[in-house]
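Dear colleague,

My notes on what was found in it follow directly after.

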Amino acid sequence: MAEVSQANEAAEKGAEGSAPEAVPGDTTISRVKLLDTIVDTFLQKLVADRSYERFTTCYKPFHQLNPEMTRWIYDKFVAQLQTSIREEISDIKEEGNLEAVLNSLDKIIEEGKDHGEPAWRPSGVPEKDLCSVMAPYFLKQQETLCRQVRKQEAKNQELAAAVLAGRRQVEELQRQVQALQRTWQALHREQKELLSVLSAPE
């Protein structure tokens, strides 16, 4: 009974608005300790604010018959409820690896304090946030693609120049072949005429 009254006094002090632990302005509490403090404060408030009076109101006939037994049941119920909640919180912390996650978060925040620039925060407008995050990425991708396009265009121009030069060479070769063909045909005609003259009877 004395333990319950002490818990009530502690909960009433917490309910008045005072922090569970006095923390200097330049000291930060780890999130694991903060979670434990929140759970402790919550459990203290379970027995605060006339919780016993509300309990006896629900079981008024039984309380009138045996107040001491009602008080014992209430104390037992509160103790078991607090123990059960603590065990559930412990299970959640173990299953979710909360201590490691919260300590990692503390580490990230401590490392972030060294940066002079403020951290990014959402503006509340999804379109604006998406544009602010994605626009630099797409602009960078666009710049990369433009560079690749310029390189490819330069290569294409070189290939086009090489093709034109090849065409000119082919045309020149065709002209040379045609000239040789005409020369050969002229020689062939001259040879025929010469043979016909030589073979003619005197």
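I begin with Thr 70, which touches Tyr 52, Phe 55, Thr 56, Phe 62 and His 63, leaving aside residues up to four places away in sequence; a contact here means heavy atoms within 4.5 Å. Thr 70 has its place in helix 5, where helices (H or I, at least four residues) and strands (E, at least two) are DSSP runs numbered from the N terminus. With a relative accessible area of 1%, Thr 70 is buried; the terms are buried for under 20% relative accessible area, exposed for over 50% and partly exposed in between, with a 1.4 Å probe and protein chains only.

Residues are numbered from 1 along each chain as its sequence is written, and side-chain values use heavy atoms, with hydrogens and water left out.

Overall fold and confidence

The chain has seven helices and zero strands, in the order α-α-α-α-α-α-α from the N terminus on. Of its 202 residues, 12% count as buried. Among contacts between residues at least 6 apart in sequence, 60% join residues at least 24 apart.

The average pLDDT of the chain is 79, and 81% of the residues score at least 70; pLDDT is the predictor's confidence in each residue, from 0 to 100. Where pLDDT is low, the predicted coordinates should not be read in detail.

In helix 3, the residues Ser 51, Tyr 52, Phe 55 and Thr 56 are buried. Seen down the helix axis, the buried residues of helix 3 fall within an arc of 135 degrees and so line one face of the helix; the arc is that of the directions from the helix axis to the C-beta atoms. These buried residues pack against helix 2 (31-46), helix 4 (60-65) and helix 5.

Rings of Phe, Tyr and Trp (its six-membered ring) pair if their centres lie within 6.5 Å; planes under 30 degrees apart count as stacked, over 60 as edge-to-face and the rest as tilted. By this rule there are five aromatic pairs. In one of them, the ring centres of Tyr 52 and Tyr 74 are 5.1 Å apart and the planes stand at 65 degrees, so the pair is edge-to-face. This pair links distant parts of the chain, with Tyr 52 in helix 3 (residues 51-58) and Tyr 74 in helix 5 (residues 67-95), 22 residues apart. Both Tyr 52 and Tyr 74 are buried.

Phe 55 and Tyr 74 form a tilted pair, at 5.3 Å centre to centre and 55 degrees between the planes. Because Phe 55 lies in helix 3 and Tyr 74 in helix 5, the pair ties together parts that are 19 residues apart in sequence. The relative accessible area is 16% for Phe 55 and 4% for Tyr 74. Ring pairs link Tyr 52, Phe 55, Tyr 59, Tyr 74 and Phe 77 into a cluster.

Asn 97 lies in the loop between helix 5 and helix 6 (98-112). Its phi is near 55 degrees, a positive value in a residue other than glycine, and at 44% relative accessibility Asn 97 counts as partly exposed.

Leu 105 is found in helix 6 and is partly exposed, with a relative accessible area of 36%. The C-alpha atoms of Leu 105 and Arg 31 are separated by 8.3 Å, although the two residues are 74 apart along the chain.

Finally, the UniProt annotation "coiled-coil region", from an unreviewed entry, covers residues 156-190. UniProt positions are given in the numbering used here, feature names are shortened, and annotations may be inferred rather than shown by experiment. Over residues 156-190 the model is 100% helix and 0% strand, with the end C-alpha atoms 50 Å apart.

With kind regards

Technical notes:
Predicted model: local features only at pLDDT ≥ 70, side-chain atom pairs only at ≥ 80, totals over all residues.
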